[in-house]
Amino acid sequence: MGDSKDSSTDKELWQRAIDGDGPAFASLFKRHRDRVFVHSLRLVRTAFEAEDVTAVVFLEAWRCRSKVRLVDDSMLGWLLVTATNVARNKIRSRLRYERLLRKLPQSPTVPDHSDSVAEAVDEGRRSQLLHRAYRALGRQDQEIIALCVYEDMSTSQVSALLGIPPGTAKSRLSRAKSKLSQLMNPSTGLLPPRTALTSEED
C-alpha cells in the first residue's frame with residue numbers, strides 16, 4: 001500500500017491508518033497533499049510557509065484522529081479547514097515576530113528593488129489581486145470560498161463538514177462571494193495596501 005493511486009476510499013484508508021497501518025496514512029497524504037499545499041499557498045506568503053502548513057495539517061490529522069470528520073467518504077474538506085486555521089495561527093506568530101523586529105535598532109541597508117520591478121509587470125496582476133483579496137477575508141469567508149469555489153464542494157457537503165445548517169452555508173457563501181468581489185474592485189478602496197495585508201481580521 002502507500003500508493004497515491006490506491007483505489008480505497010478515504011474512509012477505508014483512514015480506518016486502516018487509525019488501526020496502525022502506516023502505508024494507509026501515506027496514501028492519504030499523497031492523495032491530498034498537493035491540494036492542501038495549493039490552498040495553503042493562497043493564505044501565506046511563500047511556498048516554504050505553505051509546505052510548513054501542509055506538514056502541520058497532516059500532523060494535526062493524526063493528533064486529532066478521533067475528531068476528523070469525513071464528508072461523502074472524503075477527508076479533503078477537513079484538511080482544508082484545518083489548513084486555514086494553521087495558516088492563520090502562523091500569520092499571527094509571524095506578525096508578533098515582525099513587531100518585535102521593528103522595535104530593534106535598524107541598520108542601514110541597500111534598497112532591494114526586486115519587489116518594485118516585479119510589481120511593475122502586468123502579467124499575473126489579476127491573480128495577485130485575487131490572492132490579496134482572499135487573504136483579506138475573515139476565516140469563515142475563506143473557508144466557504146475554499147470549499148465551495150476552489151474545491152467545488154456543494155453547500156450540503158459543506159454544511160455536513162462544518163456542522164451548520166444548509167441554509168447557513170448558502171448565506172455564508174453568498175456573503176463571502178460579495179465581499180471578495182468588493183475587495184477585488186480597486187475603486188471601492190476596501191483592499192488593504194500590500195504592507196498591511198498580513199493584519200488578520202477575526
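Select Phe 58 to begin: this residue is buried, with a relative accessible area of 4% (buried means under 20% relative accessible area, exposed over 50%, and partly exposed in between, with a 1.4 Å probe and protein chains only). The model is a predicted one, in which local features need pLDDT of at least 70 and side-chain atom pairs count only at pLDDT 80 or more, while totals for chains, interfaces and linings use all residues. Residues are numbered from 1 along each chain as its sequence is written, and side-chain values use heavy atoms, with hydrogens and water left out.

**Aromatic pairs**

Phe 29 and Phe 58 form an edge-to-face aromatic pair, 4.8 Å centre to centre with 75 degrees between the planes (rings of Phe, Tyr and Trp, the last by its six-membered ring, pair if their centres lie within 6.5 Å; planes under 30 degrees apart count as stacked, over 60 as edge-to-face and the rest as tilted). Phe 29 belongs to helix H2 and Phe 58 to helix H3 (residues 47-63), so the pair ties together parts that are 29 residues apart in sequence (helices, H or I of at least four residues, and strands, E of at least two, are DSSP runs numbered from the N terminus).

Across the whole structure, a search finds 4 aromatic pairs. Select next Trp 14 and Phe 25, whose ring centres are 6.2 Å apart and whose planes lie at 40 degrees, so this pair is tilted. The pair links distant parts of the chain, with Trp 14 in helix H1 (residues 10-18) and Phe 25 in helix H2 (residues 22-43), 11 residues apart. Trp 14 is buried at a relative accessible area of 5%, whereas Phe 25 is partly exposed at 21%. Now include Trp 62: ring pairs link Trp 14, Phe 25 and Trp 62 into a cluster.

**Charges over rings**

Keep Trp 62 in view and select Arg 65, which lies over the face of Trp 62 at 4.1 Å from the ring centre (a charge sits over a ring if NZ of Lys or CZ of Arg is within 6 Å of the ring centre and within 35 degrees of the ring normal). Then move to Tyr 150, where the charged end of Arg 42 sits over the ring, 3.5 Å from its centre.

**Salt bridges**

The count comes to 7 salt bridges (a side-chain nitrogen of Lys or Arg within 4 Å of a carboxyl oxygen of Asp or Glu). Select Asp 10 and Arg 31, which form a salt bridge with the closest N and O atoms 2.6 Å apart. Asp 10 lies in helix H1 and Arg 31 in helix H2, so the pair ties together parts that are 21 residues apart in sequence. Asp 10 counts as buried at 5% relative accessibility, while Arg 31 is partly exposed at 24%.

Proceed to Asp 141, which is buried, with a relative accessible area of 3%. Asp 141 meets Arg 175 in a salt bridge (3.7 Å, N to O); Asp 141 is in helix H7 (residues 139-150) and Arg 175 in helix H9 (residues 166-183), 34 residues apart. Asp 141 also forms a salt bridge with Lys 179, the closest N and O atoms being 3.1 Å apart.

**Helix H8**

Finish with helix H8 (residues 155-162), in which Thr 155, Val 158, Ser 159 and Leu 161 are buried. These residues cover an arc of only 165 degrees around the axis, which puts them on the same side of H8 (the arc is that of the directions from the helix axis to the C-beta atoms). Gly 163 follows H8, and its phi is positive, near 70 degrees.
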